[in-house]
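Work through the exercises below with the sequence and the model at hand. Each task is followed by a solution in steps.

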Amino acid sequence: MGVRARLELSFALLALHQRDDASCARALANAGEMSGDLNSRERIILREYTADLAIAGGRASEVIEDLTHMLQVAQAAAPQGDLIPEVARRLGTAHLESGDPARGLEYAMLAARTGATADRLEWAAGLRIAGRCHAVLGRMDDAKAAWTQAFTVLQATEFFAERDRLGDTVAAYGIEIPGLAVAQPSSGSIRSTRRPIDAASRLDLRDGRFLLTTDARLIEDVTLAASGTLPVLLYGETGTGKELVAHLLHELGPSKGPLVIVDCAAISPTLVEAELFGHLRGAFSGALTDREGLVAAADGGTLFFDELPELSLEMQATLLRLVQFGTYRRLGERFDRHARVRMIAAANRRPEALVKQGKLKRDLFFRLNAHRIDIRPLRERPADIAVLAQAFARQEGLGGVSPQADELLRSLQWRGNIRELEMVIRIAARQVAPGGMLDEAALERLPIMRARTKAPTDLRAARTQAEQAMIAKAIARNNGSVKAAARELGRSPQAIYKALKRNEPE
């Protein structure tokens with residue numbers, strides 16, 4: 001039941017992103033009914049989302065008491081210590097919206113102070129709320145100073161939605177901050193000041209691993225696919241987390257059986273049929289006993305084919321019957337067996353290209369493509385580099401990653417994707433005292449990083465090219481719609497047009 005409760009929390013977060021209050025309320029109610037299956041951290045998150053919904057609905061005063069208690073819990077319990085800035089920021093907002101800006105300022109500055117060492121996004125958000133409190137108190141110079149500092153914090157990040165919120169806030173008070181672009185409302189319209197919830201989303205596995213991303217579409221694809229039992233086809237480069245997603249689909253889904261992983265690249269071609277389907281004694285030389293195969297082991301659960309195209313086309317044709325009818329036959333048997341398994345397959349090359357190259361059977365591709373989840377490489381998700389680096393650093397007992405180190409990490413291509421980033425952070429963390437910040441110097445001392453660091457001119461050119469490629473691919477994925485691409489990337493359409501123009505060759 002715990003996975004169902006966590007799934008409802010994911011649905012609630014998506015609804016908050018989409019400003020769908022009714023759907024968010026339903027998901028939170030469902031999660032609340034199963035709150036006994038959530039761990040202590042997840043119960044705090046449930047209450048945070050509930051507070052966000054109340055504040056957005058004009059009921060901020062109703063959640064002050066609960067947020068105050070949540071902050072006390074976060075301050076007293078080390079495992080929840082990293083929740084202090086986000087709870088404090090919500091409490092500051094609640095006091096401000098309830099007519100007590102002085103108390104709101106107190107908690108907003110707490111959020112900014114604790115966020116400065118633990119969460120850069122909350123650092124900026126806390127300063128934004130602090131500026132609003134100063135403005136309501138009539139201290140416009142202090143307000144502008146807070147907002148200017150918030151913009152400075154955000155400048156080297158990909159937190160575009162928070163930057164937009166800051167721009168909205170500054171524009172509402174008629175303040176100008178050099179370098180902060182403010183989208184202008186259309187004539188006769190009133191711009192909404194409601195805060196969309198856009199922090200990185202996280203889905204946890206029972207073994208402690210997690211999917212952490214700012215890609216709302218990826219979270220939506222995973223949660224939607226997890227809610228049913230149809231086959232899933234995963235595509236992503238090596239190291240992007242395909243196996244992690246397969247585990248999430250299994251744990252968040254309705255299957256009660258085991259997850260069985262088939263490493264298609266590691267199974268001998270001569271033994272693959274026996275490994276998958278099992279055999280009778282004497283079916284071939286060396287078959288001394290009857291043996292159940294991996295399909296039987298996965299009955300009632302999930303069968304994950306990692307790098308499916310590594311199987312021969314003949315073996316893929318045999319799998320087609322299992323996918324289509326749920327039947328298979330052990331070697332040496334004359335009758336079919338039935339297995340109730342959910343099929344998940346992964347490939348590190350684009351499936352459509354593999355079909356054209358004759359490496360993936362067309363019929364099998366269409367059967368597996370009921371749910372399709374494409375996991376973009378890390379170089380196309382620069383915001384994820386930042387949030388993942390912070391998470392990995394904290395796992396190693398550090399306070400986080402410095403802005404300069406974050407800039408260096410986001411400048412690299414990460415051909416090994418998340419797997420490579422995690423390895424670099426873990427090795428570099430050994431040079432930093434517990435609780436300290438991972439800085440640029442610690443990274444540059446690593447031989448693997450020294451070999452990859454670019455000169456400043458090359459770095460700017462590489463980032464420009466990466467931004468151009470990221471935007472172009474987003475527009476292509478959205479059938480040429482700049483508006484839809486902007487929504488996917490967390491930017492405004494105007495920002496996309498400006499980036500395209502900025503990156504044009506002179």
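Buried means under 20% relative accessible area, exposed over 50%, and partly exposed in between, with a 1.4 Å probe and protein chains only. The model is predicted: local features need pLDDT of at least 70, side-chain atom pairs count only at pLDDT 80 or more, and totals for chains, interfaces and linings use all residues. Residues are numbered from 1 along each chain as its sequence is written, and side-chain values use heavy atoms, with hydrogens and water left out.

**Exercise 1.** Classify Glu 122 as buried or exposed, and find its salt-bridge partner.

Solution. A salt bridge is a side-chain nitrogen of Lys or Arg within 4 Å of a carboxyl oxygen of Asp or Glu.
- Step 1: Glu 122 has a relative accessible area of 4%, so this residue is buried.
- Step 2: its side chain meets that of Arg 89 in a salt bridge, 2.8 Å from N to O.
- Step 3: Arg 89 lies in helix α5 (residues 84–97) and Glu 122 in helix α7 (residues 120–136), 33 residues apart. Helices here are DSSP runs of H or I with at least four residues, strands are runs of E with at least two, and both are numbered from the N terminus.
- Step 4: Arg 89, at 3%, is buried.

**Exercise 2.** Determine how Arg 103 and Glu 106 are placed in helix α6.

Solution.
- Step 1: the closest N and O atoms of their salt bridge are 3.4 Å apart.
- Step 2: the two residues are 3 apart in helix α6 (residues 101–118), so about one helical turn separates them.
- Step 3: Arg 103 is partly exposed at 36%, and Glu 106 is partly exposed at 45%.
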